[in-house]
Protein chains: 2
Amino acid sequence: MENKRKGSLLSFRPDIKVLDATLRDGGLCNDFKFSDAFARALYEMNVAAGVDYMEMGYKASKALFDPEKFGKFKFCDEDALQKIVGDNPSPMKLSVMADVGRTDLKRDIGGKKDSVVDMVRVACYITEIPAAVEMLEYCAGQGYETAVNVMAVSKARDEEIDAALEMLGQSPADCIYLVDSYGSLYPEQVARLTLRYLEAGEKYHKSIGIHAHNNQQLAFGNTIEAASWGASMLDATVNGMGRGAGNCPMELLLGFLKNPKYHLPPVLRFLTDQMLPLRAQGVVWGYDVPYLLTGRLNMHPSAAIACVRQGNTDYEGFYRALQEKD
Amino acid sequence: MENKRKGSLLSFRPDIKVLDATLRDGGLCNDFKFSDAFARALYEMNVAAGVDYMEMGYKASKALFDPEKFGKFKFCDEDALQKIVGDNPSPMKLSVMADVGRTDLKRDIGGKKDSVVDMVRVACYITEIPAAVEMLEYCAGQGYETAVNVMAVSKARDEEIDAALEMLGQSPADCIYLVDSYGSLYPEQVARLTLRYLEAGEKYHKSIGIHAHNNQQLAFGNTIEAASWGASMLDATVNGMGRGAGNCPMELLLGFLKNPKYHLPPVLRFLTDQMLPLRAQGVVWGYDVPYLLTGRLNMHPSAAIACVRQGNTDYEGFYRALQEKD
């Protein structure tokens, strides 16, 4: 691997964009039951902090998920979004995530001209790329900017990744995301994967994004590693709020980036005013030993999430049980 | 920077040694008031886990620090150590840290033949190198392996670091440590500094160590970054216990290293049996927003430690006050 790092620690790359995924990945911690006041404060914080994209949640199918059981940010109905952001007079773009197989695309995603949403991010596993491409084509046809998050690539073989990147290269996706769903990748692996994604990105004129998880306390480190090689869409969540061990914390990322358009103080204020109360209400996320263990074994965090929820602190027994399952 | 990374993610480098600094850096969180039972369990855990060195604490001068106010691991009297480890029949080596200006060397460090201690680590700031060299010479003359931890190099200028490495190269130190006291270094900086330290290390036949702090959730990432370029002495503490934001967690490091001599389960058991009770007693360490802010500003963590102790959660105000001080 030659030195192809981009930019320096004192300069900034204007191509870098920050995406706040707090409502979306963080919503996995509280069934998306954020208050309107929280969402509005987050929106205002992101605008003040110079964040480039704010992800409002999922576009989940109401045939598959009961709206009585989940907060509105699981569904992101247009009127619900407009209640938070009005017609979004800010320069910040809004995104929603649509999962392959869990979205009722034609019913729930209308034309861009009737929506405050700017970008649809399609999430899929590597075996679902053709379905993702169909969704990307549909959303691009409706006038949206699009991105695709190929989840759990730490489980994929090299030739699968190459084939996926070829297919996605030929899709309308504006951005292809490297996603470390299990928080199992080390920075050296992130660097190699980023370079591989960038190769496809350069060939097909797409930007590359990074979405990291903090199972091994590497979410921030892996995010800036990917950025240093050329990834330009960087996902973060306030206080790292996200499923299991959570994500790259926005406060660390904005503390690192040198572009003067980013501002840390609004994030710090939000941590005090909104995130501490959320934790005090009992919403749980962030690094804990069980997440390290699923991350280290390159496994889905579900067992670790259950372990933490049950208050099971027999880490040695939990690790043994994981290894028997693996 | 060419690709001079050493080893691969699947192999292991036999030159890598792990040092457990829980009693020493962790002692800064509880005034070294660990019980003998805790210290003995930690010793047994380290032996079972295959850890190479265990640091028992400081050799602090009793003229400067009141033994009534601190636990025994601040002083590491020979009889106190032997009460924990007997004559240390294990292959694991024991170390103590001696601070420049805070150690009564001739009174407190006798000949190696009368001690279970194998290595003395001298800690100094970059302006104190000549005093550190004197201490290294004394300790080496007494028969000890020696290492030197030059603290807070993130504040030092390049030419100061070069001069320090020259002087330490000519000293008897067996190992020179890169120390990120303020948790302010990013992995790219760690890589560059590691290569600079290694250059001196190769010239003078010394190994290079890394001691990281977790202010920006980079202690583990920076440790494996340094290791990947050739650093071979890796400091960790159980659960990351250490001053302020703490250190590289042993459970992450041993989960990463591939040498089959290392074993994670004893560490997991220790987390359950010893570290959870310690936290439950109210001992506080680990990542928190104020530490990120001093780390980001490359400042000593003392203000952040006070902020956390006071339960001050006005992060924005704290950040503003830090910037005014800086």
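**View 1. A barrel of strands in chain B.** In chain B, 8 strands close into a barrel in the order S1-S2-S3-S4-S5-S6-S7-S8, with parallel pairing. On average, neighbouring strands of this sheet are turned by 25° against each other, direction ignored. Strands (E, at least two residues) and helices (H or I, at least four) are DSSP runs, numbered from the N terminus. Two strands pair if DSSP finds at least two bridges between them. Strands of a sheet pair through backbone hydrogen bonds, either parallel or antiparallel.

The model is predicted: local features need pLDDT of at least 70, side-chain atom pairs count only at pLDDT 80 or more, and totals for chains, interfaces and linings use all residues. Residues are numbered from 1 along each chain as its sequence is written, and chains are lettered from A and ligands numbered from 1 in the order in which they are written.

**View 2. Strands S4 and S5 of chain B, with helices on the sheet.** Strand S4 (residues 119–124) and strand S5 (residues 145–150) of chain B pair in the parallel sense over 6 bridges. B:Ala123 stands opposite B:Asn149 in S5(B). Helix H5 (residues 129–141) of chain B packs on the sheet and touches strand S3 (93–99), S4 and S5 of chain B. The direction of H5 makes about 170° with that of S4(B). Helix H7 (residues 187–204) of chain B also packs on the sheet, touching strand S6 (175–179) and strand S7 (207–211) of chain B. The direction of H7 makes about 165° with that of S6(B). Axes are lines fitted to C-alpha atoms, for helices over the stretch in contact, and angles run from 0 to 180 degrees between N-to-C directions.

**View 3. Where chain A meets chain B.** The contact takes 33 residues from chain A and 33 residues from chain B. Two residues are in contact if their C-beta atoms, placed from the backbone, lie within 7 Å. On the chain A side, H10(A) gives the most, with 6 residues. That side divides into 16 nonpolar, 9 polar and 8 charged residues. Ala, Val, Leu, Ile, Met, Phe, Trp, Tyr, Cys and Pro count as nonpolar, Asp, Glu, Lys and Arg as charged, and the others, Gly among them, as polar.

**View 4. Two domains of chain A.** Chain A is assigned domain 1 (17–280) and domain 2 (289–325). Such bounds come from an automatic or database domain assignment. The C-alpha centres of the two domains lie 25 Å apart. Their contact takes 10 residues from domain 1 and 11 residues from domain 2.
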